[in-house]
Amino acid sequence: MTRIRLFLFIIGISVPSLAMAQTMKFEEAGAMLAASCGKDIDDNCRGVNLDATRLKECLGRNQDVVSAKCKTDYPQALGAIQQRITARTSLVKLCNWELNKLCGEVRYDPVKGLQCLLESTKKATPNCNKAISAAGYR
């Protein structure tokens with residue numbers, strides 16, 4: 001198994017998803033990318049850093065030689081991965097009030113802070129609840 005396929009496999013099994021979300025989950029996006037583009041990535045993007053932006057750039061640059069299935073699926077899969085990453089990075093900003101008012105000292109611990117947010121959904125603002133869902137934590 002190549003490093004890229006291993007990376008996609010790891011994304012697929014290691015990113016937790018605590019409940020259904022409206023967007024594609026990390027593991028679904030990783031599985032779609034591996035199934036549709038694994039060989040194309042091995043053949044054309046070897047040595048590319050393993051992040052969504054660089055893979056998208058590489059696959060776009062090699063559109064002449066990648067498979068039709070990959071061309072169809074990679075924008076959706078990489079877009080979903082990027083969307084989740086963006087949602088997770090903006091979660092603290094969108095849930096700042098909840099972290100400060102509801103979570104006390106655990107707000108500084110990423111795991112305990114997230115657990116506190118998940119347990120405080122009835123008291124949280126709608127924007128924070130949307131951010132938690134968009135990040136795929138429920």
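Mentor: A contact here means heavy atoms within 4.5 Å. Of the contacts in the protein chain with a separation of 6 or more, 57% join residues 24 or more positions apart. Keep in mind that this is a predicted model.

First, the setting. The chain has 138 residues, and 39% of them count as buried. It holds seven helices and zero strands. From the N terminus on, the elements run α-α-α-α-α-α-α.

Now the part to look at: helix α3. Four of its residues are named as buried: Ala52, Leu55, Cys58 and Leu59. Around the axis they cover an arc of only 130 degrees, so they sit on the same side of α3. Turn to the face away from that buried side. There you find the exposed residues Thr53, Glu57 and Arg61.

What lies over the buried side? The cover includes α2 and α4. Take α2 to begin with. The axes of α2 and α3 come within 11 Å and cross at roughly 70 degrees. Angles of 65 to 115 degrees count as roughly perpendicular. The two helices are therefore roughly perpendicular to each other. Look at where they meet. Leu33, Cys37, Ile41 and Asn44 come from α2, while Leu55, Cys58 and Leu59 come from α3.

The loop between α2 and α3 holds Cys45. Is Cys45 buried or exposed? Buried means under 20% relative accessible area. Cys45 has a relative accessible area of 0%, so Cys45 is buried. Glu57, from the exposed face of α3, is twelve residues from Cys45 in sequence. In space, the two are 9.6 Å apart, C-alpha to C-alpha.

Next, α4. Leaving aside neighbours within four places in sequence, Tyr74 is in contact with Leu33, Cys37, Lys56, Leu59, Gly60, Gln63 and Gly79. Leu59 is also one of the buried residues of α3. Leu33 and Cys37 are among the α2 residues that meet α3.

These residues come together in the largest nonpolar core. This core has 19 residues, and the members that touch the most others are Leu33, Cys37, Ile41, Cys45, Leu59, Tyr74 and Leu78. At least two residues each come from α2 (26–44), α3 (52–61) and α4 (68–94). Helix α4 gives the most, with six residues. A second, separate core has 15 residues, including Leu99, Leu117, Leu118 and Ala124.

Just after α7, Gly136 takes a positive phi of about 85 degrees.

Back to α3, then. Thr53, Glu57 and Arg61 are exposed on the face turned away.

Terms used: Residues are numbered from 1 along each chain as its sequence is written. This is a predicted model: local features need pLDDT of at least 70, side-chain atom pairs count only at pLDDT 80 or more; totals for chains, interfaces and linings use all residues. Side-chain values use heavy atoms; hydrogens and water are left out. A nonpolar core is a set of buried Ala, Val, Leu, Ile, Met, Phe, Trp, Tyr and Cys residues joined through side-chain atoms within 4.5 Å. Buried means under 20% relative accessible area, exposed over 50%, partly exposed in between (1.4 Å probe, protein chains only). Axes are lines fitted to C-alpha atoms, for helices over the stretch in contact, and angles run from 0 to 180 degrees between N-to-C directions. Angles under 35 degrees count as roughly parallel, over 145 as roughly antiparallel, 65 to 115 as roughly perpendicular and the rest as oblique. The arc is that of the directions from the helix axis to the C-beta atoms.
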